[in-house]
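Me: I have a model open and I'd like to learn how to read its features one by one. Can you walk me through it?

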Amino acid sequence: MLREATVYIDGKWRSAASGETFSSTNPATGAVLDTVADGGRAEARLAIEAATAALPGWRAKTAYERADILIAAHRIMLERQDELATLMTKEQGKPLRMARTEVGYAADFLLWFAEEAKRVYGEVIPSSRADQRFLVLQQPVGVCAAITPWNYPVSMITRKVAPALAAGCTSVLKPAEQTPLCAIETFRVFEDAGVPPGVVNLVTCSEPEPVADEILADPNVRKISFTGSTEIGKMIAARAGATMKRVSMELGGHAPFLVFEDADPEHAAKGAALVKFLNTGQACICPNRFIVHRSIVDRFLKTLRARVEGLVPGDGLVKGTTVGPLIDEPALAKMTRQVDDAVAKGATVIVGGTKLTGETFDNGHFFAPTILSEVTADMVICSEETFGPIAPVLVFDDEAEAVEMANSTSYGLAGYIYTRDISRAIRVAEALDFGMIGINDINPTSAAVPFGGIKESGLGREGARAGITEYLDTKVLGIAL
C-alpha cells in the first residue's frame, strides 16, 4: 500500500482523486513524519455514500455482534498502545507517558460503549384506552459525521465513533489536519477488529472546508459531532440546521480554578500545576484563571512557582520531559500576545513568559511554562481561551466575588473548587455555570461519566450513558388491539 493511500472508504485504503498529498510534521523538531492523501469534497461524498449503503446491514446486527467488534478493537488498541503512543508523541508533541495514558483512555471508550450497546432499552407506556398499547423504541440516527481535534488525536476519535457504532450508526471521520497519522492508525485498529466495509470511513485533508461543506450539505448525514473552537462550532451548528441534522458540540473552555481561604494552598497549587500544564495547557478543561483568596495567595504562588520551575520542556520522546511543544506557530504567537497584553496592563511575570530558544527548542514550537500574578479582568487572558502553558492568578476576598469572577465568561465547560468546607463546595458548585466541576479533584472525567459544557462551550454530552443516547432517535408505536 502506498503511504499516500490514507483515505479509507468502504473498507479500502486509497489516494485522493486529485493525487494531492500533504505532510504531517513533528511540532518538537519540525521534521516531516510522513505524507498522506489530501482528500476533498469528492472523497467526502464517496465516504457518505459508503456509509449510507452500509447502514442497513450494520443497523440490523444485534447489539451483541456490534459489541464483539468493539471489544476486539479495545484489545487491539491496548496491544498497540506503545506504538500508538510513540506516534502520538511524534505527531502531536505530548510526552510519551501522557500519550500512553491517552491511548488507554481511548480504549476505555471502546469497551464502555461495547457494554452500552447491550443496554439500549425501549419502554412500554400505559394508555388511557384498554385496547391500545404504546411502545417506545430507540433506533440509530443514521449516518454520522465526526470532526476531531489535534490535542487528543486518538481518544477524541473513539469517544465519537465508538458510541456511533454501538448504537448501530455508520460514520465518516474528518480528523484534524495536524494529526492525520494518529487517525490512520486508529482506523487500522477498526479495520483489524472486523468493522465491516463502509461502516467507518476516513477522509484525511489539509483544508477542512470542502469536506465539511459536503458533510453539511448532504441530507444523508443525520448527525455531526464536532470538537474544536467555539467559533467553528457555532458555524457548523448553524449550517446543520438547514437539513435539521443532530449536533453534538464540545467547544472551548475558560475554566476557573477557585481556591478558598480554608483550603490547603500547597495542595491546591500542586493540583493546579498538574492540570494547567497537562498537554502543555492544550486541553479544553485546563484552568484558564486561578482565582485565589487573598489571604493565601502568596503561599499558593510559592508552591506553584516551585512546581512550574521543576517542569522540563522538550521533545516528548526524551526521557524526563514533562512539557512538550505547542502544536504550531500561531499557538506560539498567541502565548506571546497574551503575556505582552497582561504585562502592559500591570501583570507580573513570576516565571517564564517567553518563547524558549536554544538547540533543543529552535526547530519546534516551545513556550516557557509561565505564571502571571496581579492579573485583572481587563486583560485578554481573562476572556480569551489560552490553550497553552500560562497560569494567570487573580485574587478575591469573599465567596460571592469568587463566584461572580468565575462565571464572568461566555464559556461553561469545566471548573475547579478547592475547599475543606463541604457545604461551601456544594453551594459553590451549584452556583457555577459550568458543565463539569472538580471538587478538590483535577480529573473529573472518565469514559463512564458525561463530558460536555453549557453556554458557548457546547451542546450534548460524550461518554457515559448520555454518549450513546446522542446517536439514537426515539420512535413511538401506538398499537390498537
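Me: How many bridges join strand β12 and strand β17, and in which sense do they pair?

Reply: Two strands pair if DSSP finds at least two bridges between them. Here β12 (residues 255-259) and β17 (residues 414-418) pair over 3 bridges, in the parallel sense. Phe257 is the residue that stands opposite Tyr416 in β17. The names come from DSSP runs, numbered from the N terminus: helices are H or I with at least four residues, strands are E with at least two. This is a predicted model, where local features need pLDDT of at least 70 and side-chain atom pairs count only at pLDDT 80 or more, while totals for chains, interfaces and linings use all residues. Residues are numbered from 1 along each chain as its sequence is written, and side-chain values use heavy atoms, with hydrogens and water left out.

Me: What does Tyr416 stand opposite in β18?

Reply: Gly438. β17 and β18 pair in the parallel sense, over 4 bridges.

Me: Is β17 enclosed or open to the outside?

Reply: Start with the cut-offs: buried means under 20% relative accessible area, exposed over 50%, and partly exposed in between, using a 1.4 Å probe and protein chains only. In β17, 5 of the 5 residues are buried, so the strand is largely enclosed by the rest of the structure. Both faces are covered, with Ala414, Tyr416 and Tyr418 buried on one side and Gly415 and Ile417 buried on the other.

Me: What is the strand order in the sheet?

Reply: Reading across, you get β14-β15-β16-β13-β12-β17-β18, an open sheet of 7 strands with mixed pairing. β14 (348-351) and β18 (436-439) are the edge strands, each pairing on one side only. From one strand to the next the twist averages 25°.

Me: Now helices. At what angle do α3 and α6 pack?

Reply: Two packed helices are described by the angle between their axes and the distance between the axes. The axes are lines fitted to C-alpha atoms, for helices over the stretch in contact, and angles run from 0 to 180 degrees between N-to-C directions. α3 (residues 81-92) and α6 (residues 180-193) pack at about 165°, with axes 9 Å apart. They are therefore roughly antiparallel to each other; the cut-offs are under 35 degrees for roughly parallel, over 145 for roughly antiparallel, 65 to 115 for roughly perpendicular, and oblique for the rest. The crossing of α3 past α6 is left-handed (the near helix is turned anticlockwise from the far one by less than a right angle; clockwise would be right-handed).

Me: Which residues make that contact?

Reply: Contact means heavy atoms within 4.5 Å. On α3 you'll find Glu83, Leu84, Leu87, Met88 and Glu91; on α6, Pro180, Leu181, Cys182 and Glu185. These residues divide into 6 nonpolar, no polar and 3 charged. For the classes, Ala, Val, Leu, Ile, Met, Phe, Trp, Tyr, Cys and Pro count as nonpolar, Asp, Glu, Lys and Arg as charged, and the others, Gly among them, as polar.

Me: How do α12 and α13 pack?

Reply: Helix α12 (residues 399-407) and helix α13 (residues 422-431) pack at about 35°, axes 10 Å apart, in a right-handed crossing. Glu399, Val403 and Asn407 of α12 meet Arg424, Arg427, Val428 and Ala431 of α13. That contact divides into 3 nonpolar, 1 polar and 3 charged residues.

Me: Which residues of α7 are buried?

Reply: In α7 (residues 208-217), they are Val211, Ala212, Glu214, Ile215 and Leu216. Their cover includes α1 (41-60), β7 (143-147), β8 (170-174), β10 (221-227) and α8 (230-240).

Me: Where is Met244 found, and is Met244 buried or exposed?

Reply: Look in the loop between α8 and β11 (246-250). Met244 is exposed, at 64% relative accessible area, and has a positive phi of about 55° although it is not a glycine.
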